[in-house]
Amino acid sequence: MVYNREAGKKLAVKHLSGFSSEYMMMKLQHSFDVGEFAYKVAARIKKMHPACHVDAELAGFLGYVHDIGRARNNHLHELHTIDMLVEEGIDRDIARMAMHSQLLEQYGEKEGDVQKYLPVGIEGMILTYADMVVKTGSPISIDERVADVAERTRKSRQMNPELIREILESLPRAVRRFKRYERIVFLLAGVGSAKEFI
Ligand SMILES: [Fe+2]
């Protein structure tokens with residue numbers, strides 16, 4: 001299988017369309033937009049540093065597929081995504097690259113295994129960054145994106161109070177990590193803001 005945006009889009013449509021809820025339709029659009037943005041970021045870094053061999057299409061693929069686990073369960077959807085990609089016949093090492101979000105701070109630190117939740121490679125780091133600045137459409141700041149996530153988490157009727165508390169407690173530490181990724185991405189791409197990728 002070739003890991004590119006086209007293949008990622010097919011998997012996103014297969015697993016995230018067909019839900020009637022506005023939330024899931026928004027998640028499909030989010031996946032498209034994260035995929036395209038991750039591709040642009042990776043392509044720019046590739047152009048700036050050809051010797052780094054950044055795989056821009058792989059970064060795009062990861063963006064398109066990163067949330068398919070939500071079709072199974074929103075809670076720990078990051079791990080469901082990896083399982084579902086493996087079930088699709090994708091090599092586990094590639095599937096593992098779809099890891100994203102704040103699970104490292106929410107679970108990894110307590111479990112003494114942050115490795116399990118760390119992004120893999122520059123493409124994995126770009127995915128985490130892209131997911132944290134794109135809801136749908138153009139990128140916003142990490143602070144704006146995280147404020148929106150926190151607001152929806154606080155209001156959630158699907159999550160129990162303990163899970164809501166865990167997420168809100170781990171988010172500030174995760175934000176520090178996301179901002180480190182942003183600084184690395186900007187430095188590598190030679191940009192000063194996310195808008196320059198558009
Ligand atoms: Fe996402």
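1. Helix 2 passes helix 3 in a right-handed crossing, where right-handed means that the near helix is turned clockwise from the far one by less than a right angle, and left-handed that it is turned anticlockwise. Helices here are DSSP runs of H or I with at least four residues, numbered from the N terminus. This is a predicted model, in which local features need pLDDT of at least 70 and side-chain atom pairs count only at pLDDT 80 or more, while totals for chains, interfaces and linings use all residues. Residues are numbered from 1 along each chain as its sequence is written.

2. The axes of helix 2 and helix 3 come within 7 Å and cross at roughly 160 degrees, the axes being lines fitted to C-alpha atoms over the stretch in contact, with angles from 0 to 180 degrees between N-to-C directions. That makes helix 2 roughly antiparallel to helix 3, a term used for angles over 145 degrees.

3. On the side of helix 2, the residues making this contact include Ser31, Phe32, Phe37, Ala38, Ala42 and Lys46, and on the side of helix 3 they include Ala56, Ala59, Leu62 and Tyr64; two residues are in contact if their C-beta atoms, placed from the backbone, lie within 7 Å. By class, the contact has 11 nonpolar, four polar and three charged residues, with Ala, Val, Leu, Ile, Met, Phe, Trp, Tyr, Cys and Pro taken as nonpolar, Asp, Glu, Lys and Arg as charged, and the others, Gly among them, as polar.

4. Nine of the 10 residues of helix 3 are buried, so helix 3 is largely enclosed by the rest of the structure; buried means that 20 or more other C-beta atoms lie within 10 Å of a residue's own. These buried residues pack against helix 1, helix 2, helix 4 and helix 7.

5. Ala42, which lies in helix 2, counts as buried because it has 29 C-beta neighbours inside 10 Å. Leaving aside residues up to four places away in sequence, Ala42 touches Val54, Ala56, Ala59, Glu123 and Ile126. Ala42 and Asp55 are 13 residues apart in sequence and 7.0 Å apart in space, C-alpha to C-alpha.

6. The largest nonpolar core has 49 residues, and Ala42, Ala59 and Leu62 are among those with the most contacts inside it; such a core is a set of buried Ala, Val, Leu, Ile, Met, Phe, Trp, Tyr and Cys residues joined through C-beta atoms within 7 Å. Helix 2 gives the most to this core, with nine residues.

Terms used:
Buried ≥ 20, exposed ≤ 12 C-beta atoms within 10 Å, placed from the backbone. Helix = DSSP H or I, 4+ residues; strand = E, 2+ residues; numbered from the N terminus. Parallel < 35°, antiparallel > 145°, perpendicular 65-115°, else oblique.
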